[in-house]
Amino acid sequence: MSKIFAVANQKGGVGKTTTCVNLSASLVANKRRVLLIDLDPQGNATMGSGVDKSELQLSSYDVLASLLPPRKAIVPTASGYDLMPANIDLSAAEVELLEMDGRESRLRQALEQISEDYDYIIIDCPPSLNMLTVNALCAAGGVLIPMQCEYYALEGLSSLIDTITQVQQAANPNLKIEGILRTMYDPRNSLTGDVSEQLSEYFGDRLYRTCIPRNVRLAEAPSFGKPALDYDRNSKGAIAYLALAGEITRRHAAGQSSNQNSSNHNSNGSRPVAEAV
Ligand SMILES: Nc1ncnc2c1ncn2[C@@H]1O[C@H](COP(=O)(O)OP(=O)(O)OP(=O)(O)O)[C@@H](O)[C@H]1O
Ligand SMILES: [Mg+2]
């Protein structure tokens, strides 16, 4: 049962940050103690949580590059979760880490100091399979992969899955795919149904039942520095992320970790993507 989730997909704009911010707020609404770690130099999770990335005293950069005790960089948010913020400084860490000992496990070391303080730790990864994402994968127990149901959706997953496999072999044998989340879901689009079916076939019960619809409130909320739950709690987007938080907490309560993999066979006989993990 993992409680540290890396939210990763090297494809840009698939809803990683939206998922991190809204899932964090929704887990808080379920009375869970949550830390959101912004591990993207774009700082979108920071801004979307109502924290100004241009005024940070300390950030995830200091934790990774200087081994700053993480509690010093963590700030509370108005939505009830804690945030380890980030800004463009973090892009320097990508380069600096390459020279450092234990460069993949700097975040993991840091989180050992605080993991007891939280029920869930959610890590927002950049859209790249760089050293920042590798640090997130080494620290995490599970990877949550947001994806849009597009034609090339599965093909784009293979390099992420290769990276996950490498991290499993080299540094973090316990790493699992926690779940695949369909984002910006539009059931009226027939392609969505086809891709959804393929995802279900490949990933079995690791595909979350909850789908996040395309919803304008989710797109508007970050400009107010709020999760959708605090911006328009009756919006379809806010309700969907509450449902996702419910699904995740129920899975954990039932002790159903996502490595239960009852249906990763594939009717056309080719090697299933999920077989690699
Ligand atoms: N379900 C949704 N409905 C409508 N808009 C959405 C939804 N999810 C995300 N968006 C919007 O799509 C854009 C990309 O989302 P987001 O920033 O969460 O993706 P990302 O994967 O974190 O991007 P990046 O790879 O750049 O970090 C944003 O403008 C966001 O507001
Ligand atoms: Mg993002």
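Predicted model: local features only at pLDDT ≥ 70, side-chain atom pairs only at ≥ 80, totals over all residues.
**Stop 1: Ala 136**

Select Ala 136, which lies in helix H7. Ala 136 is buried, because 25 other C-beta atoms lie within 10 Å and 20 or more count as buried. Then display Glu 104, whose C-alpha atom is separated from that of Ala 136 by 8.5 Å, although the two residues are 32 apart along the chain.

**Stop 2: H7 against H8**

The crossing in which H7 passes H8 is right-handed. To see the residues that meet, show Val 134, Leu 137 and Cys 138 on the H7 side, with Thr 163, Ile 164 and Val 167 on the H8 side.

**Stop 3**

Next, select strand E7 (residues 176–185). Is E7 mostly covered or mostly uncovered? Nine of the 10 residues of E7 are buried, so the strand is mostly covered.

On one pairing, strand E6 (residues 142–148) runs parallel to E7, and seven bridges join them. Pick Pro 146 to find Leu 181 of E7 standing opposite. Follow the chain from E6 through helix H8 (residues 153–170) to E7: this β-α-β crossover is right-handed.

For another pairing, select strand E8 (residues 207–213), which is parallel to E7 and joined to it by three bridges. Select Tyr 185, whose bridge partner in E8 is Pro 213. Tracing E7, helix H9 (residues 190–203) and E8 gives a right-handed β-α-β unit.

While side chains are displayed, one general point applies: in a regular strand they alternate between the two faces of the sheet.

**Stop 3: H1 and H12**

Finally, select helix H1 (residues 16–29) together with helix H12 (residues 236–253). How do these two helices cross? Their axes come within 8 Å, at an angle of roughly 65°, and H1 and H12 are therefore roughly perpendicular to each other. H1 passes H12 in a right-handed crossing. Show Asn 22, Leu 23, Ser 26, Leu 27 and Ala 29 in H1; these meet Tyr 241, Leu 242, Leu 244 and Ala 245 in H12.

Conventions
Residues numbered from 1 in each chain as written. Chains lettered and ligands numbered in written order. Buried ≥ 20, exposed ≤ 12 C-beta atoms within 10 Å, placed from the backbone. Helix = DSSP H or I, 4+ residues; strand = E, 2+ residues; numbered from the N terminus. Pairing = 2+ DSSP bridges. Right-handed = clockwise from strand over helix to strand, strands pointing away. Axes fitted to C-alpha atoms, helices over the stretch in contact; angles between N-to-C directions. Parallel < 35°, antiparallel > 145°, perpendicular 65-115°, else oblique. Left-handed = near helix turned anticlockwise from the far one by under 90°. Contact = placed C-beta atoms within 7 Å.
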